[in-house]
Amino acid sequence: MHKTMAQLPYHYGVKVRIFPSTEQKRLIKRNSDASRFIYNEMNGLKRELFMLRQVKIPIMLVKQRIQTLEQRLKNPATGISNIHGWLNDPDLDSLMKANAIKNYRYAWKLFRQVHRSGTPVFHKRRSEQKYQTSCQYASKLPVKNMLNGSVRLLDRKHIRLPKLGVLRFKGMPAKLFVCRENIRIGTTTISMDATGRYYVSMQLASEQPFVTVTNSKESNPVGIDLNTDNFLTDSNGNVVANPRYYRSIQSKLARAQRKLSRRALRAKKEQRPLRDSKNYQKQRAVVAAIQRKVANRRNNFLHLVSTILIKNHDLVVAEELQSKNMLRNHALAMSIADVGWRTLLRMLSYKAALYDRKFITINPRNTTQTCHDCGFVMGTDNTEKLTLSDRKWTCPQCGTQHIRDWNAANNILDKGLEKLATK
């Protein structure tokens, strides 16, 4: 019996750019709109059912409506399609419908696990487009791989997708194409960003590792301190400068956004919807292109830093940063959002599993205020705590001179080793 995607030991995700034709773009938009409609329909049915169940008076009409909604939600794909006949159009992918329903149910599951995520909300109509499909395999296939599913690679430059047919793509890593006969494709996401570029994201799984790991005999742990002055300082004294990608284009982006705002006001004054205002849409694409450039540069930088850290160290220790709370400080919010700390920690987490390394986080309490040599904590014994402007300081107990971030990185590594020893 074949294993499911979840049962396979190694997982990987890849995102490639595709170049659809005009007809394929139309199909992508139709499926994206249908996916959003089904998600919103599920949300509307659930909300109505919740409100009707609050009625305690035994009204027959209310009871009948509750029974109708419950029956429709037992098999929502069929129930919603029977009410809205246009969802049975042959242009629409049936697996898109199943994934839209699955995503709604997963949103509820996430709410129950992490209440801060909030209950599912209605998805608004946006300039971006996105929908999900799945790769299906025939049950009689002896081997399921990237070459024989409903989503499959034809060669190095072409991919076949359900309903869309053959599309040209670029950006597939060479190592995946070489091992394509041993890799299975799972959930596939087709999307268009705000600048009109189309992408396909594929969830991959395999019995074999996606990367070749060379484990060194020597232990090489490292602690990293993330800050806004220098992006990163490790326990070995290495410093990675903060590139500040957003601040480098902040003035250019502000000018483009002001121009976009003026065009929006002009369209409103002339009582024209923004989707029909060509000048507004042109400027919106300009703003989106600037934002995409910043995001791409930041992601590329974070990928380089995280990969180097994971490849060169068998243990990486970092702080548990609560970026949401830190962003409430209006003086530092822009700098914190610009560096992308949470994205870096997420990359370190999944790359550690990919390269068979260890990545742990520790409580950052007093990592900056503690002397690494003698353990004295600033702010005790009538001493003042270090401020953000104190980049260097001298321990009042042992007299050791510290570079603030290097000292913090050493304390983070020590805490990480202690946490690892207690497990």
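Me: Which residues lie nearest the centre of the largest pocket?
Reply: This is a predicted model, where local features need pLDDT of at least 70 and side-chain atom pairs count only at pLDDT 80 or more, while totals for chains, interfaces and linings use all residues. A pocket is an open set of points on a 1 Å grid over the protein atoms alone, where a 1.4 Å probe fits, with protein on both sides within 12 Å along at least five of seven lines; lining residues have an atom within 4 Å of a point. The lining here has 45 residues, and those nearest the centre are Gly13, Lys15, His303, Met347 and Tyr350.

Me: Which element gives the most to the lining of the largest pocket?
Reply: Helices (H or I, at least four residues) and strands (E, at least two) are DSSP runs, numbered from the N terminus, and residues are numbered from 1 along each chain as its sequence is written, with side-chain values using heavy atoms and leaving out hydrogens and water. At least two lining residues come from each of β1 (10-19), α4 (94-113), β6 (183-192), β7 (198-206), α8 and α11 (341-354). With 10 residues, the element that gives the most is α8.

Me: How many residues in the lining of the largest pocket are charged?
Reply: Asp, Glu, Lys and Arg count as charged, Ala, Val, Leu, Ile, Met, Phe, Trp, Tyr, Cys and Pro as nonpolar, and the others, Gly among them, as polar. This lining has 20 nonpolar and 17 polar residues, and its charged residues number 8.

Me: Which residues are closest to the centre of the second largest pocket?
Reply: Its lining divides into 8 nonpolar, 10 polar and 10 charged residues. Helix α1 gives the most, with 6 residues. Among the 28 lining residues, those closest to the centre are Arg36, Lys124, Arg126, Glu128 and Gln129.

Me: Within what arc do the buried residues of α7 fall?
Reply: Buried means under 20% relative accessible area, exposed over 50%, and partly exposed in between (1.4 Å probe, protein chains only). In α7, the buried residues are Leu253, Ala256, Leu260, Arg263, Ala264 and Ala267. They line one face of the helix, because seen down the axis of α7 (using directions from the axis to the C-beta atoms) they fall within an arc of 105°.

Me: Which exposed residues does the face of α7 turned away from its buried side carry?
Reply: Helix α7 covers residues 250-269, 20 residues in all. Turned away from its buried side is a face that carries the exposed residues Leu265 and Lys269.

Definitions and conventions. Expected span 1.5 Å × (residues − 1).
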